[in-house]
Amino acid sequence: MAKILVVDDAAFMRQMLKVILETGGHEVLCEAANGIEAVEKYKAYRPDVVTMDITMPEMEGIEALRLIRSTDPGAKVIMCSAMGQQKLIVEAIQSGARDFIVKPFQSGRVLEAVTKVLVGY
């Protein structure tokens, strides 16, 4: 079981991920609606895993990813993107994201990504 920070500007997406993760035996420790909140909550709660939306207001997910990784190089961040954002996914992986999942979320893929980053593949 992992303690997870879910970051997405859409409340319904956060809720969808929360249901998938909790059904899979994980704990959603906290949520954030933008990159600024994500960085603050990461520092405060130190979750095992972060699911991070790429496109958000105030601070994009890739910028938040870089800030989190600058304070904790071992941070395990899974990026979430819509179809057609391949260029951004490549940039996120180059910036230290451990994996990515595509919206709309498929529960099996979400849980597989969490397991994968926890065991270090």
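Q: Great, thanks. Is the crossing of α1 and α5 right-handed or left-handed?
A: The crossing of α1 and α5 is right-handed. Keep in mind that this is a predicted model.

Q: And at what angle do the axes of those two, α1 and α5, cross?
A: Roughly 65°. Helix α1 covers residues 11-23 and helix α5 covers residues 107-119, and their axes come within 10 Å. Angles of 65 to 115 degrees count as roughly perpendicular, so α1 and α5 are described as roughly perpendicular to each other.

Q: Which residues make the contact there, between α1 and α5?
A: From α1 you have Leu17, Ile20 and Leu21. On the α5 side, the contact is made by Ser107, Val110, Leu111 and Val114.

Q: How many nonpolar, polar and charged residues does that contact of α1 with α5 have?
A: Six are nonpolar and one is polar, with no charged residues.

Q: Now the backbone. Is the peptide bond from lysine 103 to proline 104 cis or trans?
A: The bond from lysine 103 to proline 104 is cis, with omega near -5°.

Q: Where is proline 104?
A: Proline 104 is in the loop between β5 (99-102) and α5.

Q: Next up, arginine 46. What is its phi?
A: Arginine 46 has a positive phi of about 45°, although it is not a glycine. You'll find arginine 46 in the loop between α2 (35-45) and β3 (49-53).

Q: Why does arginine 46 count as partly exposed?
A: Its relative accessibility is 42%. Exposed would need over 50%, and buried under 20%, so arginine 46 counts as partly exposed.

Q: And glutamate 58, what's its phi?
A: Near 70°, which is again a positive value in a residue other than glycine. Glutamate 58 is in the loop between β3 and α3.

Q: Is glutamate 58 buried or exposed?
A: Glutamate 58 is exposed, with a relative accessible area of 67%.

Technical notes: Residues numbered from 1 in each chain as written. Predicted model: local features only at pLDDT ≥ 70, side-chain atom pairs only at ≥ 80, totals over all residues. Heavy atoms only, no water. Axes fitted to C-alpha atoms, helices over the stretch in contact; angles between N-to-C directions. Helix = DSSP H or I, 4+ residues; strand = E, 2+ residues; numbered from the N terminus. Parallel < 35°, antiparallel > 145°, perpendicular 65-115°, else oblique. Left-handed = near helix turned anticlockwise from the far one by under 90°. Contact = heavy atoms within 4.5 Å. Nonpolar A, V, L, I, M, F, W, Y, C, P; charged D, E, K, R; others polar. Buried < 20%, exposed > 50% of the residue type's maximum accessible area, 1.4 Å probe, protein only.
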